[in-house]
Amino acid sequence: MFLTGNQIRQSFLDFFARHGHRVVPSASLVPGGDSTLLFTNAGMVQFKDVFLGTANAPAPRVANSQKCMRVSGKHNDLDTVGRDDTHHTFFEMLGNWSFGNYYKKEAIAWSWELLVNEWGLDPAKLYASYFVDEEGIIPDDNEARDYWLQQPGFNPAHLVKGNRHDNFWEMAETGPCGPCTEIHYDFGPEACDKQGVEGHVCEVNGDCNRIVEIWNNVFIQFNRLSATDFQPLPKTHVDTGMGLERIVAVLQGVKGNYETDLLKPLLDETQRIAGQSDQERAENLTAYRVIADHTRAASFLIADGVIPGNVGRNYVCRMIIRRAARFARTIGLKEPFMARVAKIVVEIYGQHYPELKREQELIYESFTREESRFAETLDTGFAELNLHMQALKDAGKTVLGGYEAFDLYATLGFPLEITRDILSESGFSVDEDGFYAAMEEHRLASGKGQAGIENDSQKAELYQALDKQLHDDGFLSSEGVIQDPYTSLSQTSQLLAIIKDGQIVESVSQGDEVELVIQHTPFYLESGGQVSDTGKIVSSAGDWEVAIDNVIKPSAGLIVHLGKVLHGTPQLQDKIVVSVDLPRRRAIMRNHTGTHLLHTALRKVLGEKVHQAGSAVDAERLRFDFNYPQAVAKADLLEIEALVNSYIADEYPVIKQSKTLEQAQKDGAMALFGEKYGAEVRTIEIKDERGRVSYELCGGTHVENTAEIGSFYITSESSVAAGMRRIEAVTGMGAYEYARKRLDLQNELSAHLQSSPSESLAKVQNLEDSLKASQAELEQLRLRVAKVAFASQMDNLQTIMDVPVLTATIPNVSADALRELADEFRQKHESGVVVLATTINDKPSFIAALTPDLVKRGLKAGDLVKRVAKVVGGGGGGRPDMAQAGGKDPSKITEALDQVAPYIKENLK
Ligand SMILES: [Zn+2]
Ligand SMILES: [Zn+2]
């Protein structure tokens, strides 16, 4: 039975759903809350916090199909994408997960059942590997071995041992890790690409294409403390990954991923557009594969809000579209066409990934815009690169300098990856470190995305030990510290732990910097762009007070309040009152609800294609980033601002609810890019019987009614990256202060103008008019003075060969005045050359004029003035009898005029 790629994905998810798994949607390609990662690159990314113990699992058993992107700036293997059947930038990873639930026995049995019984693969073609430590330190995974031997129909001779490189998984040098078992598929002897190579044997983890890994089951079993210390974890987990494209190729019995029904239609469409024959397609397969892979990847990126741009993720999107466009040239495609290929991507994938359908217009437009932009510089870029290669060849070198490569990118939009592609095809390479150094210099590199995970392991251990102890002693429930920023801003509780200087202590005193753990907190913890609360903790007895300036969540169940003891001596077990700084919190809430209103207004005025790309909300202001190709017009900004203020004036209630993610999406709630949502979500709905203004998934804190926001002003609109805009705004008292400052400024201006505020604009216009009139008058006077001075020079001519020549510097006149003086010279003299200079705004300016007889004798005013202006670092031109020029260095005017004589001598016939 033939299964389509979509059916295969679904049958995987259905199979594990039948075995008690909750099927969760793919996380965004933009990892939520993980600044160390450019893109989601594996199924486990969205569960990393679960394995690290700082988040709870959505369910004990989970299955999903995760969108993954593997392409990063430095030294990546992008070059192989398109050149073979298996490498991709974008791919889907099928996975099933156990969080402290089932383990090796079930995982192995289900793998076998799905592959053999469900999908009907021939057991004779399946191999499995299990971990055996070549260093003899980590225990061998004999459990996995034994479970494999129990699978019905499994050939014991197909069970092989694997070493640390192939069969042991770890996230970092310390922390959770464990052995894995891999399942390999034998494509048959004809698939071997090392046939006839002496000594070659086709084998699992060998060096040919015949036996290929299709599924990896990782068993997270140990906590690694050092190179040799592997402690068993109290709870063990399963993490599996199976590349969808490869298993589809296996099940559809085709040679390579690009022959599957997931990718082949993209190559077919490209062939239709290019109008090539099957043979031409076969001869240019690399180009076809690159176009298919990159169009698919960029479509998914754009659907997740990553549009082409200059830095970070946006750069990657730009780079892959341009790389595809470059290859498209090799099959004769010069006009934008990828939107047509992207349509097929939406057709194939839109059912399972509805974001593609939702954003299809944005996807098509982004492709066409990016292709057109690149087309403008592509030919020049090729030519430039050819010159570089010729120069390298002449110099006997093979490596293009990083600075040159960067210059190609900065001036002609050639991403490094494309330069590298083209160079390598002719046997050259590029200094990539030099490229990045040059990029750094130009500060194009984003400052973000570099920071490593904070590796304060001692502190992490302290928190984890504390977390465990408070649970064991019954002070904390399984939920951990109860956090409720929604129902009350003040709370009685108990002081459970005090940390000072990284040590757990019994009490602290005035002036100490402390970290406090309490049972129940009303503080909001920074997330979704909203800052953490500040406030205070006081003893119920009133004998001590700690000012709290931050809260953090260092492990799944623990919330820590950071602050300073203002007075008294806090003691363990003290009864306490915790209160949030109310005025600050209210300002934050006004800004947060204001952000939601702004989001709605933006989409109303600029269109539904506008999406939030990030936001930041604190007590002073709100900041909102969104995709938009150009600066927002002033009139649109005013309309957006007015719309938000009308929502405020109309006093809409703000309704907060908690429901399942599924229900919320069914009800039409908007989810945001890059945010992680649990199974249970909070929704913020702004509506009443007049209609719905906004409905978003959001864990932030909000006002009860839009009227509380008071008023809203946009204070700035700017660019953050290509295609990405930022609006900043103020609300409430912040809005009042903003308006007050503006009014003060205006009052001061009117006072200076000695007019009322309403009359000051007219007054300024009057002043401008009279200033202009005075300047014109001054210009006239200067001209008259200049004419008088010029008249006295007019007869004071040099004669060069037989030509009367006048060169002079006339101070304080305009270019027009110079021209007038030159005309006067030509009226007075039947034959002659005049070259005049002046200085305008510290820059030299020249005019040269000739009488007609001299033009006939080979002199050209344009050539003359160019030669003169060259001395002052400038240039110019004009008619043969009159020309003008400018320059840079006024100190060389005299030297410049000295060029007149030699010019005449050299050119006069
Ligand atoms: Zn082989
Ligand atoms: Zn929100």
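# Reading cavities, metal sites and cysteines

Q: How many cavities of 30 Å³ or more does the structure hold?

A: The general idea comes first: rolling a probe the size of a water molecule over the atoms shows where empty space is left. On a 1 Å grid over the protein atoms alone, a cavity is a set of points where a 1.4 Å probe fits but cannot get out. Here there are 2 cavities of 30 Å³ or more. A volume is the space filled by probe spheres set on the points, which are joined across faces, edges and corners. This is a predicted model, so local features need pLDDT of at least 70 and side-chain atom pairs count only at pLDDT 80 or more, while totals for chains, interfaces and linings use all residues. Residues are numbered from 1 along each chain as its sequence is written, chains are lettered from A and ligands numbered from 1 in the order in which they are written, and side-chain values use heavy atoms, with hydrogens and water left out.

Q: Which residues line the largest cavity?

A: Lining residues have an atom within 4 Å of a point. The largest cavity, about 70 Å³ in volume, is lined by residues including Arg329, Lys334, Glu335, Phe337, Glu371 and Phe374. Helix α13 (360-394) gives the most, with 4 residues, and α10 (312-330) also supplies at least two. Helices (H or I, at least four residues) and strands (E, at least two) are DSSP runs, numbered from the N terminus.

Q: What is the volume of the second largest pocket?

A: A pocket is an open set with protein on both sides within 12 Å along at least five of seven lines. The second largest pocket has a volume of about 980 Å³. Of its 37 lining residues, Arg70, Phe91, Met93, Glu213 and Arg246 are the closest to its centre. Among the elements giving two or more residues to this lining are β3 (90-99), β9 (230-243) and α6 (244-251).

Q: Which residues coordinate the zinc ion (ligand 1)?

A: Donors are N, O and S atoms within 2.8 Å of the metal (3.2 Å for Na, K and Ca), and sites may look incomplete because water is not among the atoms. For ligand 1, Cys192 (SG), His200 (NE2), Cys202 (SG) and Cys208 (SG) coordinate the zinc ion at 2.1 to 2.4 Å. Four donors count as tetrahedral if all angles lie between 85 and 135 degrees; this site is tetrahedral, with angles of 102 to 114°. Cys192 and Cys208 both lie in the loop between β7 (175-186) and β8 (211-224), so the pair ties together parts that are 16 residues apart in sequence.

Q: Which protein donors does the zinc ion (ligand 2) have?

A: His592 (NE2), His596 (NE2) and Cys698 (SG) lie 2.1 to 2.3 Å from this zinc ion.

Q: How many disulfides does the structure hold?

A: A disulfide is a pair of cysteine sulfur atoms within 2.5 Å. The structure holds 0 disulfides. Cys317 is in none, and the nearest cysteine sulfur, that of Cys68, is 17 Å away. Cys317 is buried, with a relative accessible area of 0%.

Conventions:
Four donors count as tetrahedral if all angles lie between 85 and 135 degrees; four count as square planar and six as octahedral if opposite donors are over 155 degrees apart and all others between 65 and 115; anything else is irregular. Buried means under 20% relative accessible area, exposed over 50%, partly exposed in between (1.4 Å probe, protein chains only).
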